[in-house]
Amino acid sequence: MNTVDDALAISLLSELFTTDQLARARLGKALPKGMELSHFSVLNHLANTAAEKTPAQLARSFHVTKGAMTNTLGKLEAAGHVHIRPDWDDARRKLVAVSPAGRAARDQALQVITPIISEMTSTLGSEKVRAVLPILRELRIRLEQD
């Protein structure tokens, strides 16, 4: 790379990191009391999945350690938002599913954050959002491969 490419790459990552931090802070403040963005993300993922998932599968999906996912799942279970049960075929594994209370909590969170997300999209304009999505998706896919 040359210095122009280096500066461009640093600017891109700086914008991505700052945008991520600001979006997380804004959405995190709006979430119902006691719910963290990681909790919402897991509940949303499980609510959109018909099958139970193992903690390891969830950790891979969210690109976090199994320990971090176990911590999140423990909090969700304590709140009654997920059911964690042994895998009857492999006693070493556990299976996770969203509970009815977890679906309700996820729905409540969606009601609160959807207007914020919609406002961001409408401020930028749908054309700009549609234009940037393929680029961000390609960048994510490349980063996942590393």
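How many residues does helix α6 have, and what distance does α6 reach from its first C-alpha to its last? In this predicted model, α6 spans residues 126-145 and has 20 residues. The helix reaches 29 Å from its first C-alpha to its last. That value is close to the 28 Å expected at 1.5 Å a residue.

E144 pairs with R140, and their closest N and O atoms are 3.1 Å apart. These two residues of α6 are four residues apart, about one turn of the helix. An α-helix has 3.6 residues a turn, so residues three or four places apart point the same way. E144 is partly exposed, at 40% relative accessibility. R140 is also partly exposed, with a relative accessible area of 40%.

The side chains of R24 and D20 meet in a salt bridge, with 2.9 Å from N to O. R24 is partly exposed, with a relative accessible area of 47%. D20 counts as partly exposed too, at 40% relative accessibility. In total, the structure holds nine salt bridges.

The strands form a hairpin. Strand β1 (residues 82-87) and strand β2 (residues 90-98) run antiparallel and are joined by six bridges. Two residues lie between the strands. D87 has D90, in β2, as its bridge partner. D90 also takes part in a salt bridge with R92, where the closest N and O atoms are 2.9 Å apart. R92 is exposed, with a relative accessible area of 75%.

Attention now turns to the core. In soluble globular proteins, nonpolar side chains tend to be buried together. Here the largest nonpolar core has 20 residues. Within this core, L31, M35, F40, L43, L46 and L73 touch the most other members. At least two core residues come from each of α2 (37-47), α3 (55-62), α4 (66-78), β2 and α5 (100-124). Helix α2 gives the most, with five residues.

L43 illustrates these contacts. Leaving aside residues up to four places away in sequence, L43 touches M35, L76, H81, V82, V98, G102, A105 and R106. Among these partners, M35 is, with L43 itself, one of the core residues that touch the most other members.

Definitions and conventions. Residues are numbered from 1 along each chain as its sequence is written. This is a predicted model: local features need pLDDT of at least 70, side-chain atom pairs count only at pLDDT 80 or more; totals for chains, interfaces and linings use all residues. Side-chain values use heavy atoms; hydrogens and water are left out. The expected span of a helix is 1.5 Å times one less than its number of residues. Two strands pair if DSSP finds at least two bridges between them. A nonpolar core is a set of buried Ala, Val, Leu, Ile, Met, Phe, Trp, Tyr and Cys residues joined through side-chain atoms within 4.5 Å. Buried means under 20% relative accessible area, exposed over 50%, partly exposed in between (1.4 Å probe, protein chains only). Contact means heavy atoms within 4.5 Å. A salt bridge is a side-chain nitrogen of Lys or Arg within 4 Å of a carboxyl oxygen of Asp or Glu.
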